[in-house]
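Here's a quick tour of the model below. Take a look at it first, then read on for the helix packing, the chain contact and the confidence scores.

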Amino acid sequence: MASEAIPAPRRSILGAAPSGVAPGIAITYLSLIVLLPLAALLWVSTGYGWDQFKEAVTAPDAVAALKLTFGAAFAVVAINGFFGTIVAWVLVRDEFVGKRFLNAVIDLPFALPTIVAGLTLLTLYGPQSPIDLNLAYTRKAVILALLFETMPFVIRSVQPVLLEMERDMEEAAASLGANRLTTFRRIILPTLMPAILSGGTLAFARAIGEYGSVVLLSGNVPFHTEVASVHIKSQIESDYTAGAAALSLVLLGVSLLVLLTMSYLQRRGLRHAR
Amino acid sequence: MLAAACGSSSSASSNKDKVNLVAYSTPEPVYAKLIPAFEKTSAGKGVSFTQSYGSSGDQSRAVAAGQPADVVHFALAPDIERLVESKLVSSNWDQNKYNGIVANSLIVFVVRPGNPKHITTWNDLTKPGVSVITPNPFTSGGARWNIMAAYGAQLKEGKTPAQAEAYLNTLFHHVAVQDDKASAALQTFTGGKGDVLISYEQDALLAKQSGANIDIVYPPQTILVQTPLATTIKSSAAGQAFAKWLWTPPAQTIMAENGYRSVVPSVAAKFTTLYPTPPTVFTIDDLGGWDSAMTKFFDPTNSVMQKIESNLGVSTGG
């Protein structure tokens, strides 16, 4: 109410100055770090023309690599979406010894160089597996590497929502006779869904670009375990820049599509929640 | 940090006491011994080095894109030719006494201790139940030596080019893992996968030296791996002096002591017990040179290896 008393011109000066500078900084920063490189990639890949683009993305080995990459990424999002939510739930709602430690450990996949992650996973799940579980050089290995690399996303996006979630809604539902499953389905899940989706989206985008951990673990056999990023690397090594740029553009395009879809679903979800 | 990097690059080319060495990854331990030895010579006194190691193709592309370099040492000549095209290396780089080749190696087989699968020839690699490890020739430029070794060996056995290509196709149906580079393939093999690894002799010797439980088998026919070295057009005087010194007997002796075959005959003669010579050793020039090999075998859209890799899709069912 007090702010209503401030004369209009003064408020606009105070308000306009920071909001005029801040977006400028934000847009310049974003442009330099993200938009410009993306535009350059778009420029390079479209510079070769439609025919080259089509040829590059419809080549059988490229199609196989893209299918594997997107398939594995979706699988990883589904698995990490499910288990990540459970982990977040346990970390927020349950008390147990070592909880703080576990909570701190979750972000480690981000800190670990991907090549080290690949090597570690290979030692654990390779031909000399100490736990007798040899998954290396199969498609399962691709999923395993991607699960490891993208695990933190869903957990970290669901956690804060769970922390802020009021329990009175759940209690109200329970007192009205809803069983736990109904409460979860009607009250908890709709609240968590936007966070699960946004974490899943980040995990998806991260998964389709992953190179370092997959390259060691998957075996890179074309048509079988060669993911898109490794295929792109082979095109770069062969000085086939047109092909590399075209495939990269497909990865970016699909990521963008997924990001937009998710944000649409989130907005719709929020509207429904209200 | 960006400014600092730019600053050092502009001064490096003008400063005669600095050498930017950009090389592929295998010779790194050798340069760790070569550089101190060079600094003890009169030409090397007070010279400081900046060293960069990585995959041969990546390093070559980095220099083409502007990474400062006085001396470049790659796994295969096409990576230097890329710099000739970018006008960074003179087109007569291979016109010295040794055709620009500073160190040799061979393509050999690395097998399990005692060679339990009795692998001695190229044809043993395609026997039923033999699992082969070799890097993907499209991600690893260096792995193209392996392909040319396998192909050339077939020709030397009297096969026709078509039969030799068919052999490559069969061989790749035995390849269980196609790592992105040679070092990763070695790791895959020592990690327990596969019966035989197609490898540089230098890598195999180094791995054995550092305790890997492997045996080395010299196939009866194999290719001489010739690794090229050049100075850039803008190289410092110290860079040129260093490059020149690398072809002298003292430098070549250090290379021979660390896994490479010397290109200087007088030095090579002293190391014949360490480096056995298989009955038939051929070079890339015997197979028509890299220019034609790159097009015929490694064009990413239409080549022998591209078709072979595509066949994997048909036969493994995706």
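## Two helices in chain A

In this predicted model, the axes of helix 7 (residues 114-125) of chain A and helix 8 (residues 139-164) of chain A come within 11 Å and cross at roughly 130°. So helix 7 of chain A is oblique to helix 8 of chain A (under 35 degrees counts as roughly parallel, over 145 as roughly antiparallel, 65 to 115 as roughly perpendicular, and the rest as oblique). Helices here are DSSP runs of H or I with at least four residues, strands are E runs of at least two, and both are numbered from the N terminus.

Helix 7 of chain A brings A:T114, A:A117, A:G118, A:L121 and A:Y125 to the contact, and helix 8 of chain A brings A:L144, A:A145, A:F148 and A:E149 (contact: C-beta atoms, placed from the backbone, within 7 Å).

## Where the chains meet

Chain B puts 23 residues into the contact and chain A puts in 24. On the chain B side, strand 6 (175-177) and helix 13 (304-316) each give two or more residues, with the largest share, 5 residues, coming from helix 13 of chain B.

The model scores ipTM 0.78 and pTM 0.84. Chain B has a mean pLDDT (the predictor's per-residue confidence, from 0 to 100) of 91, with 93% of its residues at 70 or more. Over residues 1-15 of chain B, though, pLDDT is below 50, and this stretch has 9 contacts beyond near neighbours in sequence.

## Housekeeping

Residues are numbered from 1 along each chain as its sequence is written, while chains are lettered from A and ligands numbered from 1 in the order in which they are written. As this is a predicted model, local features need pLDDT of at least 70 and side-chain atom pairs count only at pLDDT 80 or more, whereas totals for chains, interfaces and linings use all residues.

Notes
Two residues are in contact if their C-beta atoms, placed from the backbone, lie within 7 Å. Axes are lines fitted to C-alpha atoms, for helices over the stretch in contact, and angles run from 0 to 180 degrees between N-to-C directions.
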